[in-house]
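Trainee: I have a structure open and would like to go through it with you. Can we start once it is on the screen?

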Amino acid sequence: MGMTYIPSTLSEALRLRAEKGAKPLAGGTDLMVQSKRGIALAPQFPFDVMIITAIDELKGIRALDDGSVEIGALVTPSEIAASDIVPWHVRQAAAGMGAIALRNTATIGGNIGNASPKGDLPQPLILLDAEVVLASVKGERRMLLDDFILGSKKTALGDDEIIRSVIIPPHDFTYSFYRKIGMRRANAISKLSLSAAAVVKDGEILDFRASSGASGPRVIRSKDAESIIKGHMVEEIPELMDSFLEAWNNAISPHAMPEYRRNTTRRMLGYFLSSIHEGASPGIISEEV
Amino acid sequence: MLSEIVFYVNDKKTVFNGNPLTRLIDVLREDLGLTGVKEGCGEGECGACSVIKDGKLVTSCIIPVGAVNGSHIYTIEGIRDTEKGKCIIDAFAEGGAVQCGFCIPGMVMAAYALLSSNPHPTEMDIRKGISGNICRCTGYDLIVESIKLAAEKGGSIWA
């Protein structure tokens, strides 16, 4: 059984990470459940753990000078959902996580570091080309979240690193779409989630992107599929639709998705594209009635 | 680096020196005797162990005590004699919200957190407010009605 430390500053935490290899425990909503032993028994881990909840340097959401938004690793889904500077897709995903108590406890750093394919936040963050900031005693490095998450429960986190924050570059989408499908309205693990966005100007689709969650070991983004739509005119959507949907279907992990998930994804993307083609008012494209 | 954890439970200072991974619910129930905090699933899914930490609803079964240094925790025992607590408890009695009762301390804490931030909730707000609390008797309608009653009867105490 490992030791447990409670660092109060980031530099203490980075030293513990480097010297002991202690793994960070933030909200605990994944780790405490995974290592649960029962009533009146403390969870046990086969490695050293550091409870990082108190580290102020990892808290807070701020707007950066270039229009990006930086979210500290310890920021909770409740704080993200209530923010007026975090992009809409990410706020939607945060608002749909678990139920209130979980949203008050879980953290964005944990949701990313745990790298569950069903995690709710990586999917919209990858849509937005978010980067993760990794800190160690040697300094900091930044990488695309899409490159950081290598597979189910696998990340590129170094043995001496911790996730410090997430940086989301600015976007100005004409149309946005987000949907999470779970078994219940609250406290549901994603069966499927989808984000999509488009920039349209004078009838031309300047940007088009989509990301699928819970659809394979990693979040699905496909630049190849996106390029079928991107750069074309809105009036061309009907003739591009089939080849786009086919390319998206091929991008999805072959074994990960039963047919109903593929059909549902195809239907949602088709709905989003049709709405743009039919001249929907700019803003959120919503399926909810 | 912390070696002891100091926090406040129902306004009483508590000092903890044991394993920091000890679950908050076990400190509350076993060390402090606050057995109004119930353990249902032990995985943060059912809400029976809900307490208020620094003004926010949390499930005490998945929070390690090492994460609450400096925090103020309120359990059902800490709010039941307050004006707001009494208002909810009386409304639950009047509205017939309680069947077996196991989920009720958690439901009251969720209602307390909801009404403290939203004094005039709609029915949907109430249903969302207790969406992390499971009642195996499935008596949700009467619980929702009772929370509505607490909002109406409490009036200005929630403002």
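Mentor: This is a predicted model, and chain B averages a pLDDT of 97. In chain B, 100% of the residues score at least 70.

Trainee: What are the ipTM and pTM of the model?

Mentor: The ipTM is 0.96 and the pTM is 0.96.

Trainee: OK, chain B then. Which domains is chain B divided into?

Mentor: Domain 1 of chain B covers 5-76, and domain 2 covers 79-153. Taken over C-alpha atoms, the centres of these two domains of chain B are separated by 21 Å.

Trainee: How many residues of domain 1 of chain B are in contact with domain 2 of chain B?

Mentor: 14 residues of domain 1 of chain B are in contact with 14 residues of domain 2 of chain B. On the domain 1 side, strand S3 (50-53) and strand S4 (56-59) of chain B are the elements that give two or more residues. S3(B) gives the most, with three residues. By class, that side has nine nonpolar, three polar and two charged residues.

Trainee: Which strand of chain B runs parallel to S1(B)?

Mentor: That is strand S5 of chain B, residues 72-74, joined to S1(B) by two bridges. B:Val9 has B:Ile73 in S5(B) as its bridge partner.

Trainee: Helices next. Why is helix H1 of chain B largely enclosed by the rest of the structure?

Mentor: Helix H1 of chain B (residues 24-31) is largely enclosed because six of its eight residues are buried. The buried ones are B:Leu24, B:Ile25, B:Asp26, B:Val27, B:Leu28 and B:Arg29.

Trainee: What do the buried residues of H1(B) pack against?

Mentor: They pack against S1 and S2 of chain B. Just after H1(B), B:Gly33 takes a positive phi of about 70°.

Trainee: Let's switch to chain A. Where is A:Met1 found, and why does A:Met1 count as exposed?

Mentor: A:Met1 is in the segment before S1 of chain A. A:Met1 counts as exposed because it has 12 C-beta neighbours inside 10 Å, and the cut-off for exposed is 12 or fewer. A:Met1 and A:Asp48 are 47 residues apart in sequence, with a C-alpha to C-alpha distance of 7.8 Å in space.

Trainee: There is an open sheet in chain A. What is its strand order?

Mentor: The order is S4-S5-S10-S6-S7, five strands with antiparallel pairing. The edge strands are S4 (61-63) and S7 (139-144) of chain A, and each pairs on one side only. On average, neighbouring strands of this sheet are turned by 25° against each other, direction ignored.

Trainee: How many bridges join S4(A) to S5 of chain A?

Mentor: Three bridges join S4(A) to S5 of chain A, residues 69-72, and the two run antiparallel. A:Ala63 has A:Val69 in S5(A) as its bridge partner.

Trainee: Which strands does helix H1 of chain A lie across?

Mentor: Helix H1 of chain A, residues 10-20, lies across strand S6 (131-136) and strand S10 (162-168) of chain A. H1 of chain A runs at about 75° to S6(A).

Trainee: Last topic, the two chains together. How many residues of chain A are in contact with chain B?

Mentor: 29 residues of chain A are in contact with 29 residues of chain B. Strand S1 (4-5), helix H2 (31-34) and helix H5 (100-103) of chain A each supply at least two residues of the chain A side. The largest share of that side comes from H5(A), with three residues. By class, the chain A side has 17 nonpolar, nine polar and three charged residues.

Key. Residues are numbered from 1 along each chain as its sequence is written. Chains are lettered from A and ligands numbered from 1 in the order in which they are written. This is a predicted model: local features need pLDDT of at least 70, side-chain atom pairs count only at pLDDT 80 or more; totals for chains, interfaces and linings use all residues. Two residues are in contact if their C-beta atoms, placed from the backbone, lie within 7 Å. Helices (H or I, at least four residues) and strands (E, at least two) are DSSP runs, numbered from the N terminus. Ala, Val, Leu, Ile, Met, Phe, Trp, Tyr, Cys and Pro count as nonpolar, Asp, Glu, Lys and Arg as charged, and the others, Gly among them, as polar. Domain bounds come from an automatic or database domain assignment. Two strands pair if DSSP finds at least two bridges between them. pLDDT is the predictor's confidence in each residue, from 0 to 100. A residue is buried if 20 or more other C-beta atoms lie within 10 Å of its own, exposed if 12 or fewer, and partly exposed in between; C-beta atoms are placed from the backbone. Axes are lines fitted to C-alpha atoms, for helices over the stretch in contact, and angles run from 0 to 180 degrees between N-to-C directions.
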